[in-house]
Structure formats: C-alpha cells, structure tokens
Amino acid sequence: MKILVVCQNYFPETFLINEIAPMLKKQGHEVTVLTGLPNYPQGKVPKEYRFCRRRKEEIDGVKVLRCFEIGRGNGALTLMLNYASFALSSSLKALFMREKFDLVLSYQLSPITMVLPAVIYKKRKKLPMFLYCLDLWPASALTVVGEGNPIYKGAAKLSQYLYAQADKIAVTSEPFVDYLHTVCHVPSEKLSYIPQHANGSLLQQDLTSANNDKKVFMFAGNLGKAQSLETVIEAAALLKDRNDFQIHLVGDGSELQNLKQKTKDAGLEDRILFSGRFKPEEMGEQYKKADVLLLTLAGDSAVGDTLPGKLQTYMTVGKPILAAINGAAVKVLEDAACGKSVPAGDSEGLAGLMQQYLDDPAQFSGCGENAKTYFSENFTSEVFMSRLSAELDVLVAKEGT
C-alpha cells in the first residue's frame, strides 16, 4: 500500500520513525514522509536545508518531503514559533498535495499540532488514519501551564478534536489507554497498546563494565525538564560522604546549564560529570563505562506514567537499572526483574537504591541478562513491526469494505 507518514521530526534528527519508515518500505509499501526541517536538539536549521534547499529527498528508499519551519532555538518564544510554523506550512502542503495514498500514519511526538496536516489530508482524501501516540496531550501542556490556563484549555480542545479524527490510535504505554478514554473521550475500541521498539544492535556488543575505581551510574538521553534530573543530583548529594561512585550524565537538552549550576551549587562537580552528546553509533563506548543505568521522569502529570523509549534501549545494554519513575515503567522493571524503582522525584529513595548497589553489587548480578531476555521477547523491531503491520492491515481492510 501507499503510506503517507506525518511527523515534524525525521532524519537526521534521531527518532525511531527513522527506522519505522524504512522498515515499512522493506515490507513492500511505498512510503512518503511529510516532515519539517532538521533542527532538534541544536535549535538551528543546518545551512544545507535553508533557502528552500533539500525540500525533497530520498532516504533509505523513503521519499521525504520537507516543510518550512523556524528553528526551535533556546527559548519559549522560538519554540512556539517552531511549532506554529510547521503546523501551518505542513497543513498547507497537505491541503494541496496531489498524490493519493491508501493510509495516513501520524507519528505523534510533541506537540499535538503535528497531527494537523495528517487530519487535513485524511479528510480531504477520505482515507483511514492511524495515529501512533508517543506523547500524551493535553497532559504534556501541564508541564508548562496549569489546568485553569487558557493555553491548557485550548490544548485540551484541540487534542480531543485531533484524537477524534483518527480511525485507530496506538499508544506506547498502557496507562495512556485509560487517559485518552477518560480525558479525551476516545472510544476504547479505537485504542490499542504497541510499546516502542529499540535498536537491538547493542545486544551483540560486549559492554562489560570497565574496571572502574569508582562505580559509575549513568543517565543517557535528553537532559530536559521532563527527565527530572534534579532527583539524581539530590540523590548524589545525600551520598556525598562516599568516595566510591560517580554519575555520568550523557546527552544534551534544555536543562543542561541549570543542571550544571545545581551540580556546582551542591559541590558535586567531582561526582557528577557531563559527558556531552554522542551519535547513536558511539553510545556503545559510553555504556561500556557504566555499572548501573539511571532512569528518571517527572511524575507530576499523566505523562509521567509513560513507558519511556529509553528503558528499552537500556535493556539492550544488559546492566542493572535503577529508576525514580511512575506508571508503566515500574511494571516492566518488575516483570523483567532487571532493576529496582522508587516513585518519581523520590531522591532519598533513589539514593537508597544506589547505596544498596554500592554496598552489595552481587544482589543485582542477574539484572543485565534478565533485561536482554525481556527485550528480545517484547521490544525488538520485529515484534514492533508485526504488531504495527497487523493494525494497519486491519484498518485498510476495514476501510475498503
């Protein structure tokens, strides 16, 4: 079938849609991606994409159509302009596209406005639309404004409308099903659960920890507000009297400078190291330095109940996982027996888990292999694509009848 994928972010930005679209192509589908100009997370559009250049590309056999957008920059105003510019330009593109597809697949990250062009094209061509929801709205708006704020109310109405237009919605975390049903009034029969996959290449690498003089706890990924990394800093402060550990924060993000300042204020510059951002293919060398992987997420809204894709990637590394998190991730950690968790934001609890490991690493000895086994059974690209393809086939067949 011919599939139109709509997502604001695409290669060279590092999101899993970069793998999903080519895998759909390999299954025999003709795939076109409607997306924006790469600028995440650096905030600026690269020179080679400016002034209407490279608006049409072919990447791994996938046609890529790029719409104008303003770089996200480093502030709230430029971020809002980024969201608005893509929503407008891509909606106009969807309104005048001549090519006919069999299905629209909306890969919904944040913000919810990136679904607009998918809805416009669906309604214009009267096609089935499949929405894969990775970021929960309007819950995500609560990280910025309160429920009484007009911005939140507007986001809630827009979210309800856009979700209602989808013929089928798959979510990445089981708690999302209840949220979309109760808050956004999506009928239960339109909802299904398909957890994200992760690249399994790390499973084949020897990532045995180096003989560290000090045990290394590592967080790898986006250093943003939602990641609640102040919890890690506070936990490290509670263990300040110990000299047998370090924490490596690997990545970049909007909270980087704030986290560095908090680290300095707490006198932890010798304990918490900021390693910077690396390409996916370079992460194996970073994970090799770690003894334990840390997973934190803010728990002040329904977004905190998500199953973050970072957990799947961590599982491929084959090391114990210590988490301060709520919701779906807690259940996966328990089912997989690959680590321990405390509630989101519980810095004392996280410090306690870190102390348990430092005092007796042997009690976590089976966690790494357990993680790899659970990943292989639940989170490979093959398992994901099998579930996704089944949903798409049913949707198209239903529409055809």
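A: **Starting from Asn82**

Asn82 is buried, because its relative accessible area is 1% (buried means under 20%, exposed over 50%, and partly exposed in between, with a 1.4 Å probe and protein chains only). Before going on, note that this is a predicted model, in which local features need pLDDT of at least 70 and side-chain atom pairs count only at pLDDT 80 or more, while totals for chains, interfaces and linings use all residues. Residues are numbered from 1 along each chain as its sequence is written, and side-chain values use heavy atoms, with hydrogens and water left out.

You will find Asn82 in helix H2, which covers residues 76-96. Helices here are DSSP runs of H or I with at least four residues, strands are runs of E with at least two, and both are numbered from the N terminus. Leaving aside residues up to four places away in sequence, Asn82 touches Gln8, Asn39, Glu69, Ile70, Gly71 and Arg72; contact means heavy atoms within 4.5 Å.

Now look at some of the loops. Pro12 sits in the loop between strand S1 (2-6) and helix H1 (17-26), and the peptide bond leading from Phe11 to Pro12 is cis, with omega near 10°. Another cis peptide bond links Tyr40 and Pro41, with omega about 0°. Pro41 belongs to the loop between strand S2 (30-35) and S3.

Follow the chain to the loop between S3 and S4, where Asp60 lies. Asp60 has a phi near 55°, a positive value in a residue other than glycine. Asp60 is exposed, since its relative accessible area is 60%. Ser228, in the loop between strand S9 (215-220) and H6, also is not a glycine and has a positive phi, of about 50°. Ser228 is buried, however, with a relative accessible area of 6%.

Next comes the sheet. Eight strands make up an open, mixed sheet in the order S3-S4-S2-S1-S5-S6-S7-S8. Its edges are S3 (56-59) and S8 (191-193), each pairing on one side only; two strands pair if DSSP finds at least two bridges between them. S3 runs antiparallel to S4 (residues 62-66), and four bridges join them. Across from Ile59 stands Val62 in S4.

Finally, follow the loop of Ser228 on to H6. Two packed helices are described by the angle between their axes and the distance between the axes. Helix H6 (residues 230-238) packs against helix H11 (residues 347-359) at about 60°, with the axes 8 Å apart. Axes are lines fitted to C-alpha atoms, for helices over the stretch in contact, and angles run from 0 to 180 degrees between N-to-C directions. H6 and H11 are therefore oblique to each other: angles under 35 degrees count as roughly parallel, over 145 as roughly antiparallel, 65 to 115 as roughly perpendicular, and the rest as oblique. On the H6 side, Thr231, Val232, Glu234, Ala235 and Leu238 meet Ser347, Glu348, Leu350, Ala351 and Met354 of H11. These contact residues comprise six nonpolar, two polar and two charged (Ala, Val, Leu, Ile, Met, Phe, Trp, Tyr, Cys and Pro count as nonpolar, Asp, Glu, Lys and Arg as charged, and the others, Gly among them, as polar).
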